[in-house]
Amino acid sequence: MKLFDVYPINDITITRAKGSHVWDDKGQQYLDMYGGHAVISIGHTHPNYVDRLTEQLNQVGFYSNSVRIPQQEHLAELLGKITNKPDFQLFLCNSGAEANENALKLASFHTGRKQVVAFRKAFHGRTSLAVAATDNPSLVAPINQTDVITFLPFNDEQALEEHFTAHGEEIAAVIIEGIQGVGGIHIASENFLRKIRSLCDRFGSIYIADSIQCGYGRSGKFFSHDFAGVDADIYSMAKGMGNGFPVAGIMISPKIKPKHAMLGTTFGGNHLACAAAIAVLEVIESEDLINNAAAMGSLLMKEIGEMPHLTAVRGRGLMIGFDVPDTMKDLRKNLLWKRRIFTGEAKPNVIRLLPSLALMKHDAQNFLDALKEEIQLLEQHRNTVN
Ligand SMILES: Cc1ncc(COP(=O)(O)O)c(C=O)c1O
């Protein structure tokens, strides 16, 4: 049987990984400034993570949500502490899209309404409502098309206010990434997030903070939405939560009350997934990784901001984007194939950096040196051709 060919892949086979590095089957080392798409939070194969998972696997790997799973309660307690939202409630699932599906469903149950506000360039996942709330028609199959989602311009307070004034009583939820990832690294302004909070309060709608890519410490705060100083009603989380183990969840405001069978999943919150998520939070705390993300992010953004040709350097913590001109369009490819450095991209011309929050200064410096040299080489090449 062949694999269903939906991913444009690089012909690289990774066989080993440690910290911010991976090795291929030929023994070649790569610097991972992409974090496997913002997933590697504490670094590859962190010893505490490997120990926790191994220990749990030797005890019990899985049992369903029909029994008590104390690891879920432990995880909820740790999350309550690190986010400073101990009165929120935790529902666990398996992926980012599923977290957003559950968030939207819960908002609809709670409000009894159907309409959702999302924003231009948003990405919320590839299933059902999550993909309907994603502003990329090429991802939306005919069966996902719905008239319950309205896309408004990002960071436009006036457009939001006008929409609420006209339709506020029908709006179940506003869903927004604190920093748009797939859309190209765009920060939701603090005033815009506060506006969402106040309009949701006024009209009884639910504010959903999609923190799947920008959450879990990546921005230099636990949730990038925290920069606005207001609470959302639901935070969706995935990616960095399990450092590669598929675990996701939503944190739910105490004002939303649970009812049996309202939400559910077979695999969500299983013993192994909780072990991974607990290990991640322990390491984030013990190694002070949120502050490290903030410090490494500032260093990278400052240095990249001073490089020629690269423009619009933006982001927070270790969620960084910059624009690459057409004349340098081979830059990302050269970083991978000549320098063995993984980076991310956003179409058409953005390089995205999403490394582990444990990125070390010398690795950040190696990346900056390689970036600078590759820019110079492309520049020289351009001058000899012209
Ligand atoms: C902001 C955001 N929301 C949701 C998702 C979907 O997550 P998953 O691929 O785990 O379903 C992603 C994935 O890139 C994302 O970046």
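Visitor: Which residue in β17 does F322 stand opposite?
Guide: F322 stands opposite I351 in β17, in a predicted model where local features need pLDDT of at least 70, side-chain atom pairs count only at pLDDT 80 or more, and totals for chains, interfaces and linings use all residues. Residues are numbered from 1 along each chain as its sequence is written.

Visitor: In what sense do β14 and β17 pair?
Guide: β14 and strand β17 (residues 350-353) pair in the antiparallel sense over four bridges, where pairing requires that DSSP finds at least two bridges between two strands. Strands (E, at least two residues) and helices (H or I, at least four) are DSSP runs, numbered from the N terminus.

Visitor: And β13 with β14, over how many bridges?
Guide: Strand β13 (residues 311-316) and β14 pair over four bridges, in the antiparallel sense, and the bridge partner of T311 in β14 is D323. The hairpin of β13 and β14 has two residues between the strands, and G317 there takes a positive phi near 55 degrees.

Visitor: Is β14 mostly covered or uncovered?
Guide: Strand β14 (residues 319-323) is mostly covered, with four of its five residues buried, buried meaning that 20 or more other C-beta atoms, placed from the backbone, lie within 10 Å of the residue's own. For the protein chain, 47% of the 386 residues count as buried.

Visitor: Switching to the ligand, how many residues surround it?
Guide: The ligand is surrounded by 14 residues, and the closest are G96, A97, G125, I212 and Q213; a residue is near if its C-beta atom, placed from the backbone, lies within 6 Å.

Visitor: Which helix gives the largest share of that shell?
Guide: Helix α4 (residues 96-111) does, with three residues.

Definitions and conventions: A residue is buried if 20 or more other C-beta atoms lie within 10 Å of its own, exposed if 12 or fewer, and partly exposed in between; C-beta atoms are placed from the backbone.
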